[in-house]
Amino acid sequence: MEEVIGFEALYDSMHKCKKGVIWKESVAHYVLNSLEETYKLNEQLENETYKARQIAKFTITRPKKREIISVCFRDRVYQRSLNDNALYPIMTNSFIRDNWACQRGKGTDDARDRMKLFLQRMYRKYGTEFYGLQIDVHGYYPNMRHDLTNAMLERKLEPEIAKRAIDVLDGQYAGDVGYNPGSQMVQIVGISALDDHDHKIKEYLDVDEFGRYMDDSLAFHPSREYLEYCRKVIGEILTEKGLEFNPKKTKVFSIADGFTFLGFKYRLTDTGKVIMIIDPKNVKERRRILRRLVRKAKQGELTKAKVDECYYAWRNHASKGNSFKLLQRMDKYYKSLWR
């Protein structure tokens, strides 16, 4: 437990948590008095007198409407230490290689690189005569059952660590079902909840080219009928967890039709080249955002440097695909907004 609630662990966690939020008054106060605050937190945790403070809730509307929770800085320091020093190393130890979300050395870039690799492997074996199964879980976080989450934590973690993790989650999320984004612990729970599902696909169903990013996953196989069978088996697994497919986004498709994954549209040519272009919906949304930001900058509410930073961050994202001509058009459009 010293590695989780010890003074050094909590002090190191404080330095991680302050990044990007040091401008907040509550954070600045904690950091300026970091030795005293860390000592108090350490003492409360060791004496079992620690009590989490009330959380704040707010709603975001983009990219889709959802409720977010905000935890006070003191509680975030404890949760970050618990997460980084106990939950993360233990829970992720059993993951398949292609569970991509919320892990060091992985993420969206790794997911896209692996997706290209999957397509190239399939092309070498089958040309363009193969199929894909795309899976999306409807309302993933809002429909996660607390009892199954707690049982998973008790099964994988040491008793005291499991109890601390369960106390944090149960204290923040009332009821029997549903979690809200905004906590690293919830992210770890989210990527762990379908770990047994991943192993069943790779080992029982024997699908080599399979990967998952949170609740979005893709599998490839030369037989459409076999992928339909896989969809049935996976659907049964999800039902046991109180989850279900998103019917609009879950489908078996021919690779000739292409597919969309993590904001990019993929297409495999007859020569085996993988074409990856950013989703046109993303481009349309980015133009709308840029118009609003430039308008605010002209009114003096933002600096041009800040708007430039926002645009070039998106540009870097778009450049991951085959987007040379698109980026030329966007550069031209962005310059026109300043005239």
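With a relative accessibility of 44%, Glu46 counts as partly exposed, a class that lies between buried (under 20% relative accessible area) and exposed (over 50%), computed with a 1.4 Å probe and protein chains only. The model is predicted, so that local features need pLDDT of at least 70 and side-chain atom pairs count only at pLDDT 80 or more, while totals for chains, interfaces and linings use all residues. Residues are numbered from 1 along each chain as its sequence is written, and side-chain values use heavy atoms, with hydrogens and water left out.

Glu46 is found in helix H4, where helices are DSSP runs (H or I) of at least four residues and strands (E) are runs of at least two, numbered from the N terminus.

The structure holds 16 aromatic pairs, a pair being two rings of Phe, Tyr or Trp (its six-membered ring) whose centres lie within 6.5 Å, with planes under 30 degrees apart counted as stacked, over 60 as edge-to-face and the rest as tilted. Among them, Trp100 and Phe261 are edge-to-face, because their ring centres are 6.0 Å apart and their planes stand at 65°. This pair links distant parts of the chain, 161 residues apart, with Trp100 in the loop between helix H5 (73-91) and helix H6 (108-126) and Phe261 in strand S7 (residues 259-261); both Trp100 and Phe261 are buried.

The rings of Tyr311 and Tyr334, by contrast, are stacked, since their centres lie 4.4 Å apart and their planes are at 15°. Tyr311 belongs to helix H13 (residues 304-318) and Tyr334 to helix H14 (residues 324-337), and Tyr311 counts as buried at 0% relative accessibility.
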